[in-house]
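Reader: I have a structure to study and would like to go through it by question. Where do we start?

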Amino acid sequence: MKKIPVILDGDPGHDDAIAWVLARAMPGLDILAVTTCCGNQTLEKTTYNAGRVMALIGLDVPLAAGRERPLLAEPIIAPSVHGVSGLDGPALPEPDRQPVAEEAAAFMARIIREHEEAVVLISTGPLTNIAALLLLYPHLKNRVRHIYLMGGGIGHGNWTPAAEFNILVDPEAADLVFSSGIPLTMAGLDVTERALVFPEDFERIRAVGNEVARVTAEWLDYFYQFHQKLGYPGAPVHDAVAVTALVRPDLLVMRDLFVEVETRGDYCRGATIGDSYGITGKKPNVRCIMDIDRQAFVDLLVKAVSHYGKGAGA
Ligand code: BDR
Ligand code: CA
């Protein structure tokens with residue numbers, strides 16, 4: 001079977017890192033590059049973290065850093081969730097590569113232009129780089145096969161009552177991407193808050209015993225501390241759902257909707273407004289994921305970490 005060419009764009013981040021652990025373990029994916037955006041932390045920190053995660057999982061592809069700021073908005077970071085480093089918790093190896101000289105959008109454009117097939121983008125952070133790609137290289141739009149993204153929520157937000165973090169950080173970028181006409185699958189809060197990994201699941205992951213499994217379990221320990229205080233029974237591994245949508249859509253319930261991004265508004269900037277009742281009469285532009293087989297998702301994560309070998313304790 002032919003592998004699917006993908007670029008991973010994100011702001012690691014614990015759940016971005018786990019999403020990449022999952023993607024790297026999937027034999028059907030051909031990861032062409034990793035690109036970083038500012039979001040959970042500054043660009044400098046998310047790029048450093050990306051290098052550390054790539055070294056951990058042995059992902060030997062080019063890394064490109066993106067824009068230092070959202071297109072128009074002031075940056076927002078999330079140290080309360082991911083710590084001062086953006087990826088606090090277990091010690092990680094130092095990056096084994098430097099980012100390439102080109103900025104992410106230009107680098108993505110080059111890969112997309114040169115690759116024989118249309119490329120899939122998996123976005124697990126604000127959509128700044130992908131919007132820059134569309135603004136600077138509009139002729140390459142048809143060479144993007146599909147965008148799988150974590151962001152938004154039809155029902156609610158998490159950073160404001162209306163807006164989810166990734167969309168709120170750069171609503172103008174999200175608006176460009178959502179209205180681009182490129183096939184989009186959205187892993188929003190509707191599903192990702194159901195993609196819960198419980199403390200007993202952390203132990204299944206840890207018990208796999210290899211280094212990636214141990215670090216993933218410790219990322220989950222860290223990520224859960226924040227969510228536990230808010231009353232979550234487990235860690236919502238948001239970003240891994242975007243990868244799941246590509247590799248195991250059978251685990252998900254999806255609904256095609258017309259979705260627009262609110263870029264103005266006193267209370268709703270960054271909200272993803274889904275036309276659930278077909279009121280606008282407009283054709284759906286987004287496949288929204290609404291639910292997940294949680295147990296099968298956890299099994300998939302366990303299988304993914306097992307890909308990195310048997311541990312000393314196994
Ligand atoms: C999203 O925000 C970030 O903190 C996570 O990495 C995820 O991409 C969830 O709202
Ligand atoms: Ca993220």
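Author: Start with a term: buried means under 20% relative accessible area, exposed over 50%, and partly exposed in between, with a 1.4 Å probe and protein chains only. Helices (H or I, at least four residues) and strands (E, at least two) are DSSP runs, numbered from the N terminus. This is a predicted model, where local features need pLDDT of at least 70, side-chain atom pairs count only at pLDDT 80 or more, and totals for chains, interfaces and linings use all residues. Residues are numbered from 1 along each chain as its sequence is written, chains are lettered from A and ligands numbered from 1 in the order in which they are written, and side-chain values use heavy atoms, leaving out hydrogens and water.

Reader: How many of the residues of H2 are buried?

Author: Helix H2 covers residues 43-57. Among its buried residues are Leu43, Val53, Met54 and Ile57. The rest of the structure largely encloses H2, because the buried count is 12 of the 15 residues.

Reader: What covers the buried residues of H2?

Author: Contact means heavy atoms within 4.5 Å. The cover includes strands E2 and E3. It also includes helix H1 (14-25) and helix H10 (211-229).

Reader: How far apart are the end C-alpha atoms of H2?

Author: The expected span is 1.5 Å times one less than the number of residues. For the 15 residues of H2 that gives 21 Å. The model agrees, with its end C-alpha atoms apart by 21 Å.

Reader: In E5, which residue is the bridge partner of Leu121?

Author: Strand E4 (residues 119-123) pairs with strand E5 (residues 144-150) in the parallel sense. They share 5 bridges. In E5, the partner of Leu121 is Ile147.

Reader: Are H11 and H12 roughly parallel or roughly perpendicular to each other?

Author: Axes are lines fitted to C-alpha atoms, for helices over the stretch in contact, and angles run from 0 to 180 degrees between N-to-C directions. Helix H11 (residues 238-247) and helix H12 (residues 294-306) pack at about 90°, with axes 12 Å apart. Angles under 35 degrees count as roughly parallel, over 145 as roughly antiparallel, 65 to 115 as roughly perpendicular and the rest as oblique. H11 and H12 are therefore roughly perpendicular.

Technical notes:
Pairing = 2+ DSSP bridges.
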